[in-house]
Amino acid sequence: MASTATHHDHEQDHIAHLREKHLMLDPLPRGRMNEMVMESMHDTSWKFWVVFGILSVIVAVFLFGAWGYMIANGLGVAGVNRPSYWGIFLVNTVFWIGISHAGTFISAILRVFKAEFRRPFTRAAELMTTFGLVQAGFSIFMHMGRVWLSYWLMPIPNQRGLWPNFHSPLSWDLLAITTYLLSSTMYLFLPLIPDLAMARDRTPDGTWQKTFYRVLALGFRGTEGEWTHLRHAMNIFAFAIIPVMFSVHTIVSWDCAAATRPGWNSTIFGPYFVVGALHSGMGAVAMVLAVVQSRMKHMKYFIRGEHFDALGMLMLLVSMTWAYFFFNDYMVQWYGGDKWTQQLLHFHEAGPLGWMWFAMLIFNVAIPWATLWNKKWRSNPWLLFGVGLLINFGMWFERYIIIPISLTINRMPFTWRMYTPGVEIYLGIGTVAFFILLYMGASRLIPLIPVWEVQEGQMAHSLKKYGRETVVTISELE
Amino acid sequence: MTTELKISEISANFAEGEQGKWGMAIDMDICTGCQACVAACAMENNVPFVGEADSGYGRSMHWIRTERFWEGEFPEIKMTPYQPVLCQQCGHAPCEPVCPAFATVHSQAEALNLQVYNRCVGTRYCANNCPYQVRSFNWRDYERPEPLPNQLNPDVTVRRRGVMEKCTFCIQRIHRAEDVAKSEGREVADGEFAPACAQACPADAIVFGRIDDPESAVSKMARGARGFHLLEELGTLPAVTYLKGG
């Protein structure tokens, strides 16, 4: 009998262990879980408002103040010159579009492939897409010489018959980014509807939040018909947004690839940029999740080591893919043998900013490969935060090397000149602050955890006993 | 290069890059590097002075510049010939397709590369894509201290901050010559007028005229054995021919 008791204990330990590790096997009553998510939104300490206030000041001064100063005085206050006509503005544009890619990737691709670990953090990633695109928009409009006329790039019918030039990669950009912003916002909104309805039902009458949730929830009541429509719409969007996502960064890469510049006209730039975008975006998701888990109430229940583990594996995979494309791009350009490209490749590594080239490779390849292979390490939120931060620096360096440093070298050596950033540094800091500010604001208003998706996943998962063995079973709900 | 498309519904001719109408020949062997062309161009076209600091930082706005290099290591250095570089008025210009606002267009009448200042929103893509790096951007509103405003050329627009500009082959002079010729019921004669740089050149190193007329002075010079085009391998069909090696 003793052996049976031991076996039983083992069994209980095993189940407890599974529950502790996997969110999907650790269900809570639905009411309690909804309450937890509501509390995570309302539990705001004074520290939050201090950070919020500081960031607001940074946004006001660095982003809007410095931008206004630049509009009033011309782009001379920035560091752009001949031949680096594009500087940090475009670096930041590409960087923020890159950040925005991870949201869709994690949310749509993992949803389509039914990867269960995605459930608690799809929304956190989708919010990054929308807010990242806002910063990309700021960055690209900032770099325009006469931004007050930027509406001329829109195909607006007018009596003078003036029309944008659809041969220009910048026009393709405008269309691609606008499409991506609109579709990703709708894709963020659709799975949000049931959670907004949940928040509406749990917000006292007469508050402005109640009105906010009531309007946005579109009268969702959770009937069978509503769920069917919602699932249908989400399914369409999840599939449709994946090609949009791949096309956006490919088109952004064509700004460079379609130009006649050494170092730019590389045919591999499309996929190279997409993978680079995923690389920085995954790192950013890891950073956001680490902060959310440690700073928001009840988040230790929703976001666990298994999620960081899965993200870490994805980051490692993306890092390897990026390394391949980097090598491929370098090889093809070097093998092309164009004398200006040769000069440029040498300038990348041995020029005055050669340290950036090496830092890029260390941050993007060496450090992720050295750390993320280990399951225990990559399950650690703060380690993943650190790796994600370094990857983001590395990817920013990559864009800096591709845009201002590569522009330094052209076919007319008489005009070669280094680029020294000016006011655009503050504008860049302003976009970072604005991104965090928007995210913090959203975390007080929008349920950061898609509760219904977690609950759905928990309903689908169960522990069943087959003979003496306890196994995890997943049923198909949809 | 004319491509004829034969698709069942569509039948169209796409002219992709055509040799220009007006052209220039620059004899590097007699250029003394005196910069008179640079000064004359700035006067004629209201090109602003950006000051020493901005100029040193690569923001000078001259539409024409005189390039010169040293070859070899000190003290065994050899100077390369002076090379005035201006907009090459490409027949197949890389700057034109990349402008999202159609501010960089090819004129049909003059077969020149035009910059429409009013339409420019300042994306600076054209300047990135110009292999000759001859486009100037108005980084600021540059001041013209008194009495300099009195010498502004009324035939040329004064540009504001945030727009791109570049050499126009002195299109205002082309138009004036054409108007005069038309009122007298004749064609513009070869050598009847010249852009400011060619007019100011004391060595007559810059010759301007019709390159579609094989008998013009510029065509004869360009046909010579010393003639070459800048970055010819890019297929931009420049209208400027350099002469070197005589």
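Which residues have the most contacts inside the largest nonpolar core? I put this to the structure before anything else, keeping in mind that I am working with a predicted model.

**Entry: the core**

I found that the largest nonpolar core has 174 residues, and that those with the most contacts inside it are A:Ala102, A:Val285, A:Ala286, B:Ile26 and B:Ile206. Looking for the element behind it, I noted that helix H10 of chain A, residues 269-295, supplies the largest share of this core, 16 residues.

**Entry: helix H4 of chain A**

I checked the length of helix H4 of chain A (residues 88-112) against expectation: at 1.5 Å a residue its 25 residues should span 36 Å, and because its end C-alpha atoms are 36 Å apart, the two values agree. I also recorded a bend of about 25° in H4(A) at A:Phe105.

**Entry: A:Val248**

I looked up A:Val248 next and placed it in helix H9 of chain A, residues 224-257. Why does A:Val248 count as buried? I found 29 C-beta neighbours inside 10 Å of A:Val248, and the cut-off for a buried residue is 20 or more. Leaving aside neighbours within four places in sequence, I listed A:Ile97, A:Ala176, A:Ile177 and A:Tyr180 as the contacts of A:Val248. For one of these, A:Tyr180, I noted a separation from A:Val248 of 68 residues in sequence and, C-alpha to C-alpha, of 7.0 Å in space.

**Entry: where the chains meet**

I turned to the two chains together and found 33 residues of chain A in contact with 33 residues of chain B. On the side of chain A that touches chain B, helix H6 of chain A (residues 169-189) gives the most, with three residues. I sorted the residues of that side of chain A into 15 nonpolar, 13 polar and five charged.

**Entry: a sheet in chain B**

In chain B I traced an open sheet of four strands in the order S12-S3-S14-S13, with mixed pairing. Strand S12 (206-210) and S13 of chain B stand at the edges with a single partner strand each, so one side of each is left without a neighbour in the sheet. Going strand by strand, I noted that S3(B) and S12(B) run antiparallel and are joined by five bridges, with B:Met24 having B:Phe208 as its bridge partner in S12(B). Strand S3 of chain B (residues 22-27) pairs with S14(B) in the parallel sense over four bridges, and there I found B:Leu243 as the partner of B:Asp27. Strand S13 of chain B (residues 227-228) runs antiparallel to S14(B) with two bridges between them, and B:Phe228 stands opposite B:Tyr242.

Which way do the residues of strand S14 of chain B point? I saw B:Val240 and B:Tyr242 pointing one way from this strand (residues 240-243) and B:Thr241 and B:Leu243 the other way, and I recorded all of them as buried. I set beside this the general point that side chains alternate between the two faces of the sheet in a regular strand.

The peptide bond from B:Phe74 to B:Pro75 is cis, with omega near 5°, and I located B:Pro75 in the loop between strand S5 (70-71) and strand S6 (78-79) of chain B. I also found a cis peptide bond from B:Glu146 to B:Pro147, with omega near 0°; B:Pro147 lies in the loop between strand S10 (136-137) and strand S11 (164-165) of chain B.

For positive phi, I wrote down B:Gln133, with a value near 55°, in the loop between helix H4 (125-129) and S10 of chain B. I also wrote down B:Leu237, with about 50°, in the loop between S13 and S14 of chain B. Are these two residues buried or partly exposed? I found B:Gln133 buried, with 21 other C-beta atoms within 10 Å, whereas B:Leu237 is partly exposed, with 18.

Technical notes: Residues numbered from 1 in each chain as written. Chains lettered and ligands numbered in written order. Predicted model: local features only at pLDDT ≥ 70, side-chain atom pairs only at ≥ 80, totals over all residues. Core = buried A, V, L, I, M, F, W, Y, C linked by C-beta atoms within 7 Å. Buried ≥ 20, exposed ≤ 12 C-beta atoms within 10 Å, placed from the backbone. Contact = placed C-beta atoms within 7 Å. Nonpolar A, V, L, I, M, F, W, Y, C, P; charged D, E, K, R; others polar. Pairing = 2+ DSSP bridges. Expected span 1.5 Å × (residues − 1). Bend = angle between axes of the 7 residues up to and from the residue.
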